[in-house]
Amino acid sequence: MNPPRISVLMAVHNGLPYLREALDSILSQSRADFEFLIIDDGSTDRSREVIQGLDDSRIRLLVNERNMGLTRSLNRGLKEARGEYLARQDADDISLPRRLEIQARYLDRNPGTGLAACSVEYMDSEGRTELTDCRGLSSGVLGWHLLFGNEIPHSGAMFRAGAVLDLGGYDESLPFAQDYELWSRLSRRAGLVRLRDVLLRYRRHQGNLSATKKEEQYRIRDRISGANMARLLEREVDPAVVKALHTPGPEPGLCRAGAKLIQELGRACLEAGGLAPEEAHEIKADMVHRVRSLAKSHLRVRPFEGLAVFLGSLGRN
């Protein structure tokens, strides 16, 4: 048999109660030529039983006899996947019916693009919509955003499997933010885009890693962000300043240093070239937004620090 064009990769560890809905959202896709590669990562609930109860030849179930963690499980799946394109899917999210069709079509038409992510509708634990983020981000603009954090939903990404395998897959030293680190490496070899199409419903609940391990996630995120910035600027970046970009009301010195860092990164990004005029315009607008947000955060937490003093200090440099 010819290998499938797409491999959908899901790692599951105790995925109930949302697992069945996530599985059904993939099996009911408008594009049917895919394999559904599922790694049961040592589940102790009924997750494996639910998966085995589905009668669909596209499902390939691999079982970790002990819990290996998400990163190592995903790398196992990468090595086993047969598809040219690999789409990620988490066990608590819902892919909308045309997700695989639209993302694969974009990659087919844009051979220089290594990853096509989708936009996201966020829902609560009961499936009620909370907000929708439908920002389309071109490759140049997304590269700018990756300096500061991850704008690519892991569960909404489809990428060229060969390109990621050539990079060595996910960094197994990272228990969290492994996707952010991988996208950062991939962006240096291929274009990455985020489509405006909302193709994923992302579930926010107390079981999310982001809710239970926030501090460690943030620490790893800041480390990856700082490495991305240092690579662009070709110099070391103060970790305290990087952290200040995400900290409510940072101290005045760090607040000013953060604003200056944003400006320096913007200049370096624009001077590197390769941007379309509309991308350069969008990056400049985002620079202004980030500096203003940093100032507002500082003043909201420390209202007696004068705005004129803060902005004046930027003007002198």
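Reader: Taking contact to mean heavy atoms within 4.5 Å, which residues does Asp 286 touch, not counting residues up to four places away in sequence?

Author: Leaving out residues up to four places away in sequence, Asp 286 touches Trp 144 and His 145. This is a predicted model, in which local features need pLDDT of at least 70 and side-chain atom pairs count only at pLDDT 80 or more, while totals for chains, interfaces and linings use all residues. Residues are numbered from 1 along each chain as its sequence is written, and side-chain values use heavy atoms, with hydrogens and water left out.

Reader: Where does Asp 286 sit, and is Asp 286 buried or exposed?

Author: Asp 286 has its place in helix 12, residues 277-301 (helices are DSSP runs of H or I with at least four residues, strands are runs of E with at least two, and both are numbered from the N terminus). With a relative accessible area of 13%, Asp 286 is buried (buried is under 20%, exposed over 50% and partly exposed in between, using a 1.4 Å probe and protein chains only).

Reader: What about the prolines, Pro 3 and Pro 248, buried or exposed?

Author: Pro 3, in the segment before strand 1, is exposed because its relative accessible area is 53%. Pro 248, in the loop between helix 10 and helix 11, counts as exposed at 60% relative accessibility. The C-alpha atom of Pro 3 is separated by 40 Å from that of Glu 278, which is 275 residues away along the chain.

Reader: Changing topic, how many residues of strand 6 are buried?

Author: Eleven of the eleven residues of strand 6, which covers residues 113-123, are buried.

Reader: And which strands pair with strand 6, say in the parallel sense?

Author: Strand 9, residues 191-203, pairs with strand 6 in the parallel sense over nine bridges (two strands pair if DSSP finds at least two bridges between them), and there Ser 119 stands opposite Val 198. In the antiparallel sense, strand 6 pairs with strand 8 over three bridges, with Phe 159 as the bridge partner of Leu 115. Strand 7, residues 129-133, also runs antiparallel to strand 6 and is joined to it by four bridges, with Glu 121 opposite Thr 132.

Reader: Which residue takes a positive phi in the hairpin of strand 6 and strand 7?

Author: Gly 127 does, with phi near 90°, and the hairpin has five residues between the strands.

Reader: What is the volume of the second largest pocket, and which residues lie nearest its centre?

Author: Its volume is about 480 Å³, and of the 21 residues that line it, Gly 143, Trp 144, Leu 147, Ser 187 and Leu 232 lie nearest the centre. The elements giving two or more residues to this lining are helix 5, strand 9 and helix 9, and helix 5 gives the most, with five. A pocket is an open set of points on a 1 Å grid over the protein atoms alone, where a 1.4 Å probe fits and protein lies on both sides within 12 Å along at least five of seven lines, and lining residues have an atom within 4 Å of a point. Grid points are joined across faces, edges and corners, and the volume is the space filled by probe spheres set on them.

Conventions: Contact = heavy atoms within 4.5 Å.
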